[in-house]
Amino acid sequence: MRRQQLDIQLKTPDQIEKMRGAGLVVAAALDAMRDAVAPGVSTADLDAIAEKVIRDAGAIPSFKGYHGFPASICASVNEQVVHGIPSAEQVLREGDLISLDCGAILDGWHGDSAITVGVGDTDPALLKMSQVAEDAMWAGIAAAARGSANGRGRLTDISFNVEKTVRKAGRYGIVDGYGGHGIGTEMHQDPHVLNHGKPGKGPRLQPGLCLAIEPMITLGSPRTAELSDGWTVVTRDGSMAAHVEHTMCLLEDGVWVTTAVDGGRARLGDLVTSRQS
């Protein structure tokens with residue numbers, strides 16, 4: 001069913017079950033890459049690992065060929081925020097911070113998720129920034145679940161709770177112009193989900209709504225620039241950045257984080273639907 005005015009695709013529980021399949025493929029690819037991250041490993045190596053996991057599962061990489069993107073993952077290192085193109089020449093070094101963004105299509109449905117991890121012995125300040133981004137993501141997902149359950153939730157409740165979590169944690173830049181999005185039979189759908197803003201605005205949070213929630217924060221200025229490759233987004237001041245993401249779907253009895261192996265249970269508890277498996 002589509003709400004034409006807003007172009008928001010609401011999913012049935014059975015369709016969300018299919019999205020769960022794609023989400024688990026993405027989770028497996030990210031786990032394999034996390035295990036492989038080490039000094040001396042190239043971002044092209046990580047891309048090959050992800051593509052093998054995805055295709056071995058009978059799925060298709062969402063990113064490869066998307067508007068001409070040449071790889072199966074985005075690999076963004078240090079000051080690169082998002083959309084970094086994997087390369088054999090980009091070899092990880094001790095202390096680097098890498099964001100790995102991955103998507104897969106299974107039976108026509110999408111999953112999309114990202115992690116940020118340190119390479120070897122990493123500055124604790126960078127690991128803390130990554131944790132702050134993750135905490136903010138979960139705060140946004142929890143807000144969506146509560147808002148759907150009480151019938152009063154609006155889209156920007158997610159944005160507000162992401163921002164509030166980041167602001168409470170320290171002086172981080174919240175990247176503007178990039179954010180989360182609807183997801184389903186296409187990787188990017190309406191609505192766009194900002195990582196900052198006032199609560200109580202935008203479309204209603206309701207069962208059937210599926211979103212990718214993805215905070216992007218920096219150790220410095222939130223201002224960014226796109227490199228000449230037409231994809232890679234970097235911080236203008238050269239500060240380090242972190243990016244995390246999960247796909248979540250709202251059901252009548254709770255939220256299902258389709259790209260989390262446990263469905264989100266460890267972080268969200270009883271907010272998670274009984275359908276999760």
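Student: What should I keep in mind about the model and its numbering?

Tutor: Residues are numbered from 1 along each chain as its sequence is written, and side-chain values use heavy atoms, with hydrogens and water left out. In this predicted model, local features need pLDDT of at least 70 and side-chain atom pairs count only at pLDDT 80 or more, while totals for chains, interfaces and linings use all residues.

Student: At what angle do helix 3 and helix 4 pack?

Tutor: Helices (H or I, at least four residues) and strands (E, at least two) are DSSP runs, numbered from the N terminus. Axes are lines fitted to C-alpha atoms, for helices over the stretch in contact, and angles run from 0 to 180 degrees between N-to-C directions. Here helix 3 (residues 124-150) and helix 4 (residues 156-169) pack at about 150°, their axes 8 Å apart. The two are therefore roughly antiparallel (angles over 145 degrees).

Student: Which residues of helix 3 and helix 4 meet?

Tutor: Contact means heavy atoms within 4.5 Å. Among them, Val132, Ala136 and Ala139 lie on the helix 3 side, and Ile158, Val162 and Val166 on the helix 4 side.

Student: How do I read the sheet with the order 5-14-13?

Tutor: Strands of a sheet pair through backbone hydrogen bonds, either parallel or antiparallel. Two strands pair if DSSP finds at least two bridges between them. This open sheet of three strands has antiparallel pairing. Strand 5 (80-82) and strand 13 (224-226) each have a single partner strand, so one side of each lacks a neighbour in the sheet. Strand 5 joins strand 14 (residues 233-235) over two bridges, with Gln80 opposite Val234.

Notes. Parallel < 35°, antiparallel > 145°, perpendicular 65-115°, else oblique.
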